[in-house]
Amino acid sequence: MNRLMLSMLTICLAVFTLASSANAETWTDNTGKFQIEADFSGVNGKNVVLTKADGTTIEVPIKRLSAASHARAKELYRASQSGVAAPTTPAASMPAASAAPAAPANSNPNFKVPVAPAVAPLPAFPEGATLQATVDFCRDQLMAGHPEVFWQALPDDMRQMVDGQEFRSTMAESMKSQQQTMKQVEGLFQKMAQVLVTKKQYVLKTPMLATSVPPGMMPMVEQGYDPVVGTVYELGMLIFDLPSIDTQTMSEMMDSHGPKLGGHLKGIVAMLPPGMLQAVLSSISITQADDNNGMLKMEQEAGPNDRIAMVRYQGRWIPKDMADEWQDNKDSMLAEMKIALAAAQQGEQAAQANMMAGMMITVVGGILDPMLAAKSQAEFDQALMQVMQLAPMLGLGGGGGPAGGFPGGPGGGFPGGAGPGGEDAFPF
(Lines give C-alpha, C1' and ligand atoms only; values in the text may rest on other atoms or scores of the structure.)
Protein backbone atom coordinates (compact mmCIF):
# COMPACT_ATOMS: atom_id res chain seq x y z
CA MET A 1 0.00 0.00 0.00
CA ASN A 2 2.70 2.49 0.97
CA ARG A 3 4.79 1.99 -2.19
CA LEU A 4 1.76 2.11 -4.46
CA MET A 5 0.18 5.18 -2.90
CA LEU A 6 3.56 6.94 -2.72
CA SER A 7 3.96 6.50 -6.45
CA MET A 8 0.43 7.68 -7.09
CA LEU A 9 0.87 10.71 -4.84
CA THR A 10 4.22 11.53 -6.42
CA ILE A 11 2.65 11.63 -9.86
CA CYS A 12 -0.30 13.61 -8.58
CA LEU A 13 1.99 16.24 -7.12
CA ALA A 14 4.43 16.24 -10.05
CA VAL A 15 1.68 16.19 -12.83
CA PHE A 16 -5.00 18.66 -16.92
CA THR A 17 -5.57 18.79 -20.40
CA LEU A 18 -7.92 21.66 -21.28
CA ALA A 19 -10.84 20.36 -23.25
CA SER A 20 -14.18 21.69 -24.23
CA SER A 21 -17.37 20.33 -25.67
CA ALA A 22 -18.82 21.56 -28.93
CA ASN A 23 -22.24 21.68 -27.29
CA ALA A 24 -21.10 23.43 -24.11
CA GLU A 25 -22.06 26.99 -23.33
CA THR A 26 -19.68 29.88 -22.74
CA TRP A 27 -19.66 31.18 -19.18
CA THR A 28 -17.96 34.45 -18.30
CA ASP A 29 -17.05 36.18 -15.06
CA ASN A 30 -18.04 39.67 -13.98
CA THR A 31 -14.68 41.18 -14.93
CA GLY A 32 -14.93 40.05 -18.54
CA LYS A 33 -11.42 38.59 -18.37
CA PHE A 34 -12.27 34.92 -17.94
CA GLN A 35 -14.52 32.44 -19.68
CA ILE A 36 -15.02 28.71 -19.87
CA GLU A 37 -16.87 26.21 -22.03
CA ALA A 38 -19.06 23.99 -19.85
CA ASP A 39 -22.55 22.63 -19.28
CA PHE A 40 -24.81 23.78 -16.46
CA SER A 41 -25.15 20.91 -13.96
CA GLY A 42 -27.03 22.49 -11.11
CA VAL A 43 -26.58 24.58 -8.00
CA ASN A 44 -24.72 23.82 -4.77
CA GLY A 45 -25.48 26.39 -2.09
CA LYS A 46 -24.32 29.74 -3.48
CA ASN A 47 -22.34 28.21 -6.35
CA VAL A 48 -23.23 27.24 -9.91
CA VAL A 49 -21.98 23.76 -10.81
CA LEU A 50 -20.51 23.52 -14.33
CA THR A 51 -19.36 20.35 -16.08
CA LYS A 52 -16.60 20.49 -18.67
CA ALA A 53 -16.16 18.24 -21.69
CA ASP A 54 -13.86 15.81 -19.86
CA GLY A 55 -16.47 15.21 -17.16
CA THR A 56 -14.83 17.31 -14.46
CA THR A 57 -16.96 19.78 -12.57
CA ILE A 58 -16.22 23.16 -11.05
CA GLU A 59 -18.28 25.35 -8.74
CA VAL A 60 -18.44 29.06 -9.47
CA PRO A 61 -19.76 31.56 -6.90
CA ILE A 62 -22.87 33.20 -8.30
CA LYS A 63 -21.51 36.64 -7.45
CA ARG A 64 -18.60 35.98 -9.85
CA LEU A 65 -20.81 35.48 -12.92
CA SER A 66 -21.30 38.14 -15.58
CA ALA A 67 -24.82 39.52 -16.02
CA ALA A 68 -25.41 37.35 -19.12
CA SER A 69 -24.08 34.19 -17.47
CA HIS A 70 -26.04 34.95 -14.32
CA ALA A 71 -29.24 35.27 -16.35
CA ARG A 72 -28.55 32.04 -18.22
CA ALA A 73 -27.81 30.16 -15.01
CA LYS A 74 -31.01 31.51 -13.51
CA GLU A 75 -32.96 30.34 -16.55
CA LEU A 76 -31.43 26.86 -16.44
CA TYR A 77 -31.90 26.58 -12.70
CA ARG A 78 -35.59 27.45 -12.91
CA ALA A 79 -36.03 24.99 -15.75
CA SER A 80 -34.39 22.23 -13.70
CA GLN A 81 -36.74 22.96 -10.80
CA SER A 82 -39.85 22.98 -12.99
CA GLY A 83 -38.88 20.01 -15.13
CA VAL A 84 -39.30 22.05 -18.33
CA ALA A 85 -36.34 22.17 -20.66
CA ALA A 86 -34.72 25.58 -20.91
CA PRO A 87 -34.57 27.16 -24.36
CA THR A 88 -31.31 27.12 -26.27
CA THR A 89 -29.30 30.22 -25.55
CA PRO A 90 -29.60 32.79 -28.37
CA ALA A 91 -26.20 33.55 -29.82
CA ALA A 92 -26.56 37.25 -29.13
CA SER A 93 -27.28 36.78 -25.44
CA MET A 94 -23.93 35.20 -24.63
CA PRO A 95 -20.39 36.31 -25.41
CA ALA A 96 -18.82 34.81 -28.51
CA ALA A 97 -16.88 31.67 -27.68
CA SER A 98 -13.23 31.52 -28.53
CA ALA A 99 -11.97 28.53 -30.46
CA ALA A 100 -11.62 25.60 -28.05
CA PRO A 101 -9.34 22.59 -28.38
CA ALA A 102 -10.98 19.29 -29.18
CA ALA A 103 -11.43 16.85 -26.30
CA PRO A 104 -8.48 14.48 -25.96
CA ALA A 105 -8.97 10.97 -27.26
CA ASN A 106 -8.63 9.46 -23.81
CA SER A 107 -11.05 11.81 -22.08
CA ASN A 108 -13.70 9.87 -20.17
CA PRO A 109 -17.19 11.42 -20.22
CA ASN A 110 -18.18 9.14 -17.33
CA PHE A 111 -15.42 10.40 -15.04
CA LYS A 112 -16.72 12.31 -12.06
CA VAL A 113 -14.40 14.08 -9.68
CA PRO A 114 -14.35 12.82 -6.07
CA VAL A 115 -17.12 14.52 -4.12
CA ALA A 116 -16.54 15.06 -0.42
CA PRO A 117 -19.27 14.26 2.10
CA ALA A 118 -20.94 17.43 3.32
CA VAL A 119 -19.78 18.88 6.62
CA ALA A 120 -21.59 21.27 8.95
CA PRO A 121 -20.60 24.95 8.65
CA LEU A 122 -17.56 26.12 10.58
CA PRO A 123 -18.72 28.08 13.65
CA ALA A 124 -17.30 31.50 14.37
CA PHE A 125 -13.86 31.36 15.92
CA PRO A 126 -14.08 32.07 19.68
CA GLU A 127 -12.73 35.54 20.41
CA GLY A 128 -10.86 36.16 23.66
CA ALA A 129 -10.98 32.48 24.61
CA THR A 130 -8.56 30.78 26.95
CA LEU A 131 -5.69 28.74 25.51
CA GLN A 132 -7.47 25.53 26.52
CA ALA A 133 -10.73 26.62 24.87
CA THR A 134 -8.85 27.63 21.70
CA VAL A 135 -7.06 24.28 21.44
CA ASP A 136 -10.31 22.41 22.11
CA PHE A 137 -12.11 24.41 19.42
CA CYS A 138 -9.41 23.75 16.82
CA ARG A 139 -9.35 20.05 17.70
CA ASP A 140 -13.14 19.69 17.53
CA GLN A 141 -13.43 21.54 14.22
CA LEU A 142 -10.60 19.54 12.69
CA MET A 143 -12.42 16.35 13.68
CA ALA A 144 -15.63 17.83 12.23
CA GLY A 145 -13.99 18.29 8.82
CA HIS A 146 -12.62 21.84 8.93
CA PRO A 147 -8.83 22.00 8.44
CA GLU A 148 -9.35 25.66 7.52
CA VAL A 149 -9.82 26.31 11.23
CA PHE A 150 -6.04 26.74 11.45
CA TRP A 151 -6.25 29.64 8.99
CA GLN A 152 -8.93 31.21 11.16
CA ALA A 153 -6.67 30.68 14.18
CA LEU A 154 -4.16 33.20 12.82
CA PRO A 155 -4.32 36.81 14.07
CA ASP A 156 -6.25 39.32 11.99
CA ASP A 157 -3.24 41.28 10.75
CA MET A 158 -1.55 38.13 9.41
CA ARG A 159 -4.63 37.11 7.48
CA GLN A 160 -5.26 40.67 6.31
CA MET A 161 -1.76 40.97 4.89
CA VAL A 162 -2.07 37.73 2.91
CA ASP A 163 -5.57 38.73 1.77
CA GLY A 164 -4.39 42.21 0.80
CA GLN A 165 -4.29 43.04 -2.91
CA GLU A 166 -0.61 44.01 -2.91
CA PHE A 167 0.48 40.68 -1.47
CA ARG A 168 -1.81 38.71 -3.76
CA SER A 169 -0.73 40.60 -6.88
CA THR A 170 2.91 40.02 -6.00
CA MET A 171 2.35 36.30 -5.61
CA ALA A 172 0.36 36.09 -8.85
CA GLU A 173 3.06 37.95 -10.77
CA SER A 174 5.71 35.57 -9.45
CA MET A 175 3.86 32.60 -10.93
CA LYS A 176 3.49 33.90 -14.47
CA SER A 177 6.83 32.55 -15.66
CA GLN A 178 5.65 29.00 -14.93
CA GLN A 179 2.15 29.36 -16.37
CA GLN A 180 2.56 27.01 -19.31
CA THR A 181 4.30 24.36 -17.23
CA MET A 182 1.63 24.45 -14.57
CA LYS A 183 -1.08 24.08 -17.18
CA GLN A 184 0.57 20.87 -18.38
CA VAL A 185 1.13 19.65 -14.83
CA GLU A 186 -2.53 20.23 -14.05
CA GLY A 187 -3.46 18.23 -17.14
CA LEU A 188 -1.48 15.23 -15.94
CA PHE A 189 -2.86 15.59 -12.44
CA GLN A 190 -6.40 15.44 -13.78
CA LYS A 191 -5.49 12.45 -15.93
CA MET A 192 -4.03 10.73 -12.88
CA ALA A 193 -7.28 11.38 -11.02
CA GLN A 194 -9.13 9.66 -13.86
CA VAL A 195 -6.86 6.65 -13.47
CA LEU A 196 -7.46 6.44 -9.72
CA VAL A 197 -11.23 6.79 -10.07
CA THR A 198 -12.04 4.85 -13.25
CA LYS A 199 -9.46 2.08 -12.73
CA LYS A 200 -10.11 1.53 -9.05
CA GLN A 201 -10.83 -2.17 -9.52
CA TYR A 202 -7.43 -2.67 -11.15
CA VAL A 203 -5.58 -0.62 -8.55
CA LEU A 204 -7.04 -2.66 -5.69
CA LYS A 205 -6.17 -5.96 -7.38
CA THR A 206 -2.69 -5.17 -8.61
CA PRO A 207 -0.02 -7.61 -7.36
CA MET A 208 2.04 -4.68 -6.09
CA LEU A 209 -0.69 -3.88 -3.60
CA ALA A 210 -1.21 -7.52 -2.66
CA THR A 211 2.48 -7.95 -1.76
CA SER A 212 2.64 -4.68 0.19
CA VAL A 213 -0.45 -5.06 2.37
CA PRO A 214 -1.07 -7.89 4.87
CA PRO A 215 -4.21 -9.83 3.89
CA GLY A 216 -6.05 -8.74 7.00
CA MET A 217 -5.51 -5.09 6.13
CA MET A 218 -7.11 -5.18 2.69
CA PRO A 219 -10.61 -4.33 3.98
CA MET A 220 -9.17 -1.17 5.53
CA VAL A 221 -7.38 -0.32 2.29
CA GLU A 222 -10.59 -0.75 0.33
CA GLN A 223 -12.51 1.36 2.84
CA GLY A 224 -9.93 4.12 2.74
CA TYR A 225 -9.36 4.17 -1.02
CA ASP A 226 -12.03 6.72 -1.95
CA PRO A 227 -11.26 9.13 0.95
CA VAL A 228 -7.53 9.00 0.16
CA VAL A 229 -8.12 9.65 -3.54
CA GLY A 230 -10.51 12.47 -2.65
CA THR A 231 -7.99 14.01 -0.28
CA VAL A 232 -5.24 13.91 -2.92
CA TYR A 233 -7.58 15.41 -5.51
CA GLU A 234 -8.72 18.27 -3.29
CA LEU A 235 -5.16 19.04 -2.25
CA GLY A 236 -4.27 19.25 -5.93
CA MET A 237 -7.19 21.55 -6.63
CA LEU A 238 -6.07 23.82 -3.80
CA ILE A 239 -2.56 23.97 -5.26
CA PHE A 240 -3.85 24.70 -8.75
CA ASP A 241 -6.16 27.35 -7.31
CA LEU A 242 -3.24 29.33 -5.89
CA PRO A 243 -2.46 31.18 -9.15
CA SER A 244 -5.90 32.80 -8.93
CA ILE A 245 -4.82 34.56 -5.73
CA ASP A 246 -4.81 37.83 -7.66
CA THR A 247 -8.60 37.60 -8.05
CA GLN A 248 -9.57 35.87 -4.84
CA THR A 249 -8.33 36.00 -1.28
CA MET A 250 -6.71 33.21 0.67
CA SER A 251 -9.70 33.32 3.01
CA GLU A 252 -11.97 32.57 0.04
CA MET A 253 -9.74 29.67 -0.99
CA MET A 254 -9.73 28.25 2.53
CA ASP A 255 -13.51 28.57 2.77
CA SER A 256 -13.83 26.82 -0.58
CA HIS A 257 -11.39 23.94 -0.26
CA GLY A 258 -11.27 23.44 3.50
CA PRO A 259 -14.66 21.76 3.98
CA LYS A 260 -14.12 19.57 0.89
CA LEU A 261 -10.71 18.48 2.08
CA GLY A 262 -12.11 17.95 5.56
CA GLY A 263 -14.99 15.86 4.25
CA HIS A 264 -12.53 13.46 2.63
CA LEU A 265 -10.24 13.46 5.67
CA LYS A 266 -13.15 12.43 7.89
CA GLY A 267 -13.35 9.24 5.85
CA ILE A 268 -9.69 8.53 6.56
CA VAL A 269 -10.12 9.27 10.27
CA ALA A 270 -13.06 6.84 10.36
CA MET A 271 -10.64 4.05 9.42
CA LEU A 272 -8.47 4.55 12.50
CA PRO A 273 -8.95 2.42 15.61
CA PRO A 274 -11.59 3.91 17.93
CA GLY A 275 -10.17 6.72 20.03
CA MET A 276 -6.72 6.63 18.43
CA LEU A 277 -6.73 10.18 17.06
CA GLN A 278 -8.46 11.49 20.16
CA ALA A 279 -5.76 9.88 22.29
CA VAL A 280 -3.03 11.53 20.27
CA LEU A 281 -4.68 14.93 20.52
CA SER A 282 -5.34 14.42 24.21
CA SER A 283 -1.60 13.88 24.79
CA ILE A 284 -1.16 17.65 24.56
CA SER A 285 -1.23 19.20 28.02
CA ILE A 286 -2.01 22.90 28.40
CA THR A 287 -1.07 25.36 31.10
CA GLN A 288 -1.90 29.06 31.13
CA ALA A 289 0.26 31.30 33.30
CA ASP A 290 -1.79 34.48 32.85
CA ASP A 291 -4.18 36.14 30.40
CA ASN A 292 -1.56 36.35 27.65
CA ASN A 293 0.95 33.53 28.23
CA GLY A 294 0.69 29.77 28.21
CA MET A 295 2.44 26.53 27.32
CA LEU A 296 1.68 23.48 25.21
CA LYS A 297 3.46 20.29 26.22
CA MET A 298 3.57 17.12 24.16
CA GLU A 299 3.35 14.45 26.85
CA GLN A 300 4.73 11.68 24.65
CA GLU A 301 7.70 13.69 23.36
CA ALA A 302 11.12 13.66 24.95
CA GLY A 303 13.06 16.02 22.66
CA PRO A 304 13.86 19.71 22.83
CA ASN A 305 10.64 20.65 21.00
CA ASP A 306 8.24 19.05 23.45
CA ARG A 307 7.22 22.45 24.84
CA ILE A 308 5.79 25.36 22.87
CA ALA A 309 5.45 28.75 24.52
CA MET A 310 2.19 30.38 23.46
CA VAL A 311 1.12 34.04 23.63
CA ARG A 312 -2.14 35.82 23.00
CA TYR A 313 -1.70 38.18 20.04
CA GLN A 314 -4.67 40.17 18.74
CA GLY A 315 -7.02 37.80 20.51
CA ARG A 316 -5.47 34.65 18.99
CA TRP A 317 -3.09 32.19 20.66
CA ILE A 318 0.02 31.58 18.55
CA PRO A 319 3.56 30.32 19.30
CA LYS A 320 5.67 33.03 20.92
CA ASP A 321 8.45 32.57 18.34
CA MET A 322 5.95 33.23 15.55
CA ALA A 323 4.61 36.34 17.27
CA ASP A 324 8.10 37.74 17.87
CA GLU A 325 9.24 37.12 14.30
CA TRP A 326 6.07 38.59 12.86
CA GLN A 327 6.30 41.78 14.90
CA ASP A 328 9.97 42.20 14.00
CA ASN A 329 9.55 41.65 10.26
CA LYS A 330 5.98 42.39 9.19
CA ASP A 331 6.74 45.94 7.99
CA SER A 332 9.57 44.82 5.68
CA MET A 333 8.26 41.35 4.80
CA LEU A 334 6.42 42.31 1.62
CA ALA A 335 9.33 44.32 0.20
CA GLU A 336 11.76 41.50 0.92
CA MET A 337 9.41 38.97 -0.66
CA LYS A 338 9.24 41.05 -3.87
CA ILE A 339 13.02 41.16 -4.10
CA ALA A 340 13.36 37.43 -3.50
CA LEU A 341 10.67 36.54 -6.04
CA ALA A 342 12.16 38.82 -8.68
CA ALA A 343 15.58 37.25 -8.21
CA ALA A 344 14.11 33.75 -8.43
CA GLN A 345 12.37 34.53 -11.74
CA GLN A 346 15.52 35.93 -13.33
CA GLY A 347 17.83 33.13 -12.23
CA GLU A 348 18.65 29.95 -14.10
CA GLN A 349 17.01 27.81 -11.43
CA ALA A 350 13.47 28.67 -12.57
CA ALA A 351 14.30 27.90 -16.22
CA GLN A 352 15.91 24.59 -15.26
CA ALA A 353 12.91 23.66 -13.11
CA ASN A 354 10.54 24.37 -16.00
CA MET A 355 12.70 22.33 -18.37
CA MET A 356 12.85 19.40 -15.94
CA ALA A 357 9.09 19.56 -15.40
CA GLY A 358 8.50 19.55 -19.17
CA MET A 359 10.62 16.44 -19.58
CA MET A 360 8.79 14.59 -16.82
CA ILE A 361 5.41 15.69 -18.11
CA THR A 362 6.21 14.17 -21.50
CA VAL A 363 7.37 10.91 -19.95
CA VAL A 364 4.51 10.54 -17.48
CA GLY A 365 1.88 11.50 -20.03
CA GLY A 366 3.01 8.59 -22.18
CA ILE A 367 2.43 6.22 -19.26
CA LEU A 368 -0.91 7.48 -18.04
CA ASP A 369 -2.60 6.97 -21.40
CA PRO A 370 -1.99 3.18 -21.36
CA MET A 371 -3.26 3.05 -17.77
CA LEU A 372 -6.46 4.82 -18.79
CA ALA A 373 -6.83 2.60 -21.85
CA ALA A 374 -6.21 -0.65 -19.95
CA LYS A 375 -9.03 -3.13 -20.37
CA SER A 376 -7.55 -5.92 -18.28
CA GLN A 377 -5.62 -6.36 -15.07
CA ALA A 378 -2.53 -7.45 -16.99
CA GLU A 379 -2.52 -4.31 -19.16
CA PHE A 380 -2.93 -2.10 -16.12
CA ASP A 381 -0.21 -3.88 -14.15
CA GLN A 382 2.24 -3.49 -17.02
CA ALA A 383 1.59 0.26 -17.20
CA LEU A 384 1.80 0.58 -13.42
CA MET A 385 5.17 -1.15 -13.40
CA GLN A 386 6.50 1.65 -15.59
CA VAL A 387 5.21 4.17 -13.05
CA MET A 388 7.06 2.39 -10.24
CA GLN A 389 10.27 2.40 -12.23
CA LEU A 390 9.95 6.14 -12.83
CA ALA A 391 9.01 7.03 -9.24
CA PRO A 392 12.58 7.97 -8.16
CA MET A 393 12.90 10.37 -11.07
CA LEU A 394 9.49 11.88 -10.45
CA GLY A 395 10.47 12.48 -6.86
CA LEU A 396 12.73 15.27 -8.08
CA GLY A 397 9.63 17.40 -8.47
CA GLY A 398 8.56 19.89 -11.10
CA GLY A 399 7.58 23.45 -11.63
CA GLY A 400 4.64 25.24 -10.18
CA GLY A 401 2.70 28.32 -11.13
CA PRO A 402 -0.45 29.57 -12.70
CA ALA A 403 -2.68 27.03 -14.33
CA GLY A 404 -3.51 29.47 -17.10
CA GLY A 405 -6.92 30.06 -18.62
CA PHE A 406 -9.53 30.23 -15.90
CA PRO A 407 -7.90 30.24 -12.47
CA GLY A 408 -9.56 28.44 -9.66
CA GLY A 409 -10.83 25.06 -10.86
CA PRO A 410 -9.93 21.77 -12.50
CA GLY A 411 -8.39 22.91 -15.74
CA GLY A 412 -9.97 26.29 -15.40
CA GLY A 413 -12.57 28.07 -13.35
CA PHE A 414 -13.73 31.55 -12.55
CA PRO A 415 -11.81 33.57 -9.99
CA GLY A 416 -13.07 32.66 -6.56
CA GLY A 417 -13.16 28.89 -6.98
CA ALA A 418 -15.93 27.03 -5.22
CA GLY A 419 -16.16 29.26 -2.20
CA PRO A 420 -19.25 30.76 -0.68
CA GLY A 421 -20.97 33.29 -2.88
CA GLY A 422 -22.27 36.70 -2.02
CA GLU A 423 -25.75 37.88 -1.27
CA ASP A 424 -26.90 36.96 -4.77
CA ALA A 425 -27.48 33.24 -4.20
CA PHE A 426 -29.81 30.62 -5.59
CA PRO A 427 -32.69 30.03 -5.58
CA PHE A 428 -33.19 33.18 -7.62
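Predicted model: local features only at pLDDT ≥ 70, side-chain atom pairs only at ≥ 80, totals over all residues.

**Strands, cores and rings**

I started at the hairpin of S7 and S8, which has two residues between its strands. Gln-314 sits in that turn with a positive phi of about 50°.

I then checked how S7 and S8 pair. Strand S8 covers residues 316-319, and four bridges join S7 to S8 in an antiparallel run. One pair I wrote down is Arg-312, whose bridge partner in S8 is Trp-317.

Next I looked at S7 and strand S6. S6 spans residues 293-298, S7 spans residues 307-313, and five bridges join the two, again antiparallel. Asn-293 stands opposite Val-311 in S7.

**The four-stranded sheet**

In what order do the four strands of the open sheet come? The order is S1-S2-S3-S4, with antiparallel pairing. The edges are strand S1 (25-28) and strand S4 (57-61), each of which pairs on one side only. Averaged over this sheet, neighbouring strands are turned by 55° against each other, direction ignored.

I went through the pairs one by one:

- S1 and strand S2 (residues 35-44) pair antiparallel over four bridges, and Thr-26 faces Glu-37 in S2.
- The S1-S2 hairpin leaves six residues between its strands, and Gly-32 in the turn has a positive phi of about 80°.
- S2 and S3 also run antiparallel, joined by five bridges; Gly-42 has Val-49 in S3 as its bridge partner.
- The S2-S3 hairpin has two residues between the strands, and there Gly-45 takes a positive phi near 65°.
- S3 (residues 47-51) connects to S4 through five bridges, antiparallel, and Val-48 stands opposite Val-60 in S4.

**The cores**

Which residues have the most contacts inside the largest nonpolar core? I found Val-195, Met-371 and Phe-380, in a core of 36 residues. The elements that give two or more residues to this core are H7 (179-198), H8 (200-205), H9 (207-212), H10 (218-241), H14 (348-373) and H15 (377-394), every one of them a helix. H10 gives the largest share, nine residues.

Leaving aside neighbours within four places in sequence, Val-195 is in contact with Lys-200, Leu-368, Met-371, Leu-372 and Phe-380. There is also a second, separate core of 18 residues, which includes Trp-151, Met-158, Tyr-313 and Ile-318.

**The rings**

I searched the whole structure for aromatic pairs and got five. The one I looked up was Tyr-202 with Phe-380: the ring centres are 5.8 Å apart and the planes lie at 40°, so I logged the pair as tilted. This pair links distant parts of the chain, with Tyr-202 in helix H8 and Phe-380 in helix H15, 178 residues apart.

Last entry: Phe-189, Tyr-233 and Phe-240 form one aromatic cluster.

Note on methods
Residues numbered from 1 in each chain as written. Heavy atoms only, no water. Pairing = 2+ DSSP bridges. Axes fitted to C-alpha atoms, helices over the stretch in contact; angles between N-to-C directions. Core = buried A, V, L, I, M, F, W, Y, C linked by side-chain atoms within 4.5 Å. Buried < 20%, exposed > 50% of the residue type's maximum accessible area, 1.4 Å probe, protein only. Contact = heavy atoms within 4.5 Å. Phe/Tyr/Trp six-rings, centres within 6.5 Å; stacked < 30°, edge-to-face > 60°.
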